[in-house]
Amino acid sequence: MQRQRRPSQPVSACESKSIIRHHDLAVAAAFGDVQLRNEGWGMSKAWMVRAERDGRLFEAFKEKSAVAIGWNEVGDLSNVKSRKAIAELVIAFWPEAKPQSNAMAAGQLHRFVNEIEVGDMVVTYNPSRRVYLLGEIAGPYRYDTSVDPE
């Protein structure tokens, strides 16, 4: 039985095709069917980092052992520690965007840069093949424009 696909959601003004922020990813395994267990993970947080629309960056994440998100126009956020400061940068680059789009972008950037920590679990997937990639964050945030080949 085929799973019904949800209709594509519209791309917000803040989304970028360029995936440039990532954490090192210690790859645990890739599975078609995933059973998550708490063995060896302790009390770490778990994060879903999507590999772009239709899993376009799944292989890049796997090959580079990394996860990443976009909004490269905002630049390096290594020294930006508050959600408010990130929101101000997002608004400066996309003043025409809806307030809720900018708030969503700022929240995602803040969580990625300031809340994901070494030792946290991370999962990404390729929706067309239904393959999941599970891992553990192995290094801190860094600004890197090489993850997305486009």
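Guide: Start with one term: buried means under 20% relative accessible area, exposed over 50%, and partly exposed in between, with a 1.4 Å probe and protein chains only. This is a predicted model, where local features need pLDDT of at least 70, side-chain atom pairs count only at pLDDT 80 or more, and totals for chains, interfaces and linings use all residues. Residues are numbered from 1 along each chain as its sequence is written, and side-chain values use heavy atoms, with hydrogens and water left out.

Visitor: How many helices and strands are in the protein?

Guide: Helices (H or I, at least four residues) and strands (E, at least two) are DSSP runs, numbered from the N terminus. The protein has three helices and six strands. Along the sequence they read β-β-α-β-α-α-β-β-β.

Visitor: What percentage of the residues count as buried?

Guide: Of 150 residues, 43% are buried.

Visitor: Which residues of α3 are buried?

Guide: An α-helix has 3.6 residues a turn, so residues three or four places apart point the same way. In α3 the buried residues are S101, N102, A105, A106, G107, L109, H110, F112 and V113.

Visitor: Which residues of the largest nonpolar core touch the most other members?

Guide: A nonpolar core is a set of buried Ala, Val, Leu, Ile, Met, Phe, Trp, Tyr and Cys residues joined through side-chain atoms within 4.5 Å. The largest one here has 30 residues, and F61, L77 and V90 touch the most other members. At least two residues each come from α1 (58-64), β3 (66-69), α2 (83-93), α3 and β5. Helix α3 gives the most, with five.

Visitor: Now a strand. Which residues of β4 lie on each side?

Guide: Side chains in a regular strand alternate between the two faces of the sheet. Strand β4 spans residues 121-126, and six of its six residues are buried. M121, V123 and Y125 lie on one side, with V122, T124 and N126 on the other.

Visitor: How many bridges join β2 to β4?

Guide: Two strands pair if DSSP finds at least two bridges between them. Strand β2 (residues 46-48) runs parallel to β4, with three bridges. Strand β5 (residues 131-137) is antiparallel to β4, over six bridges.

Visitor: What lies between β4 and β5?

Guide: Four residues separate the two strands of this hairpin. In the turn, R130 has a positive phi of about 55°.
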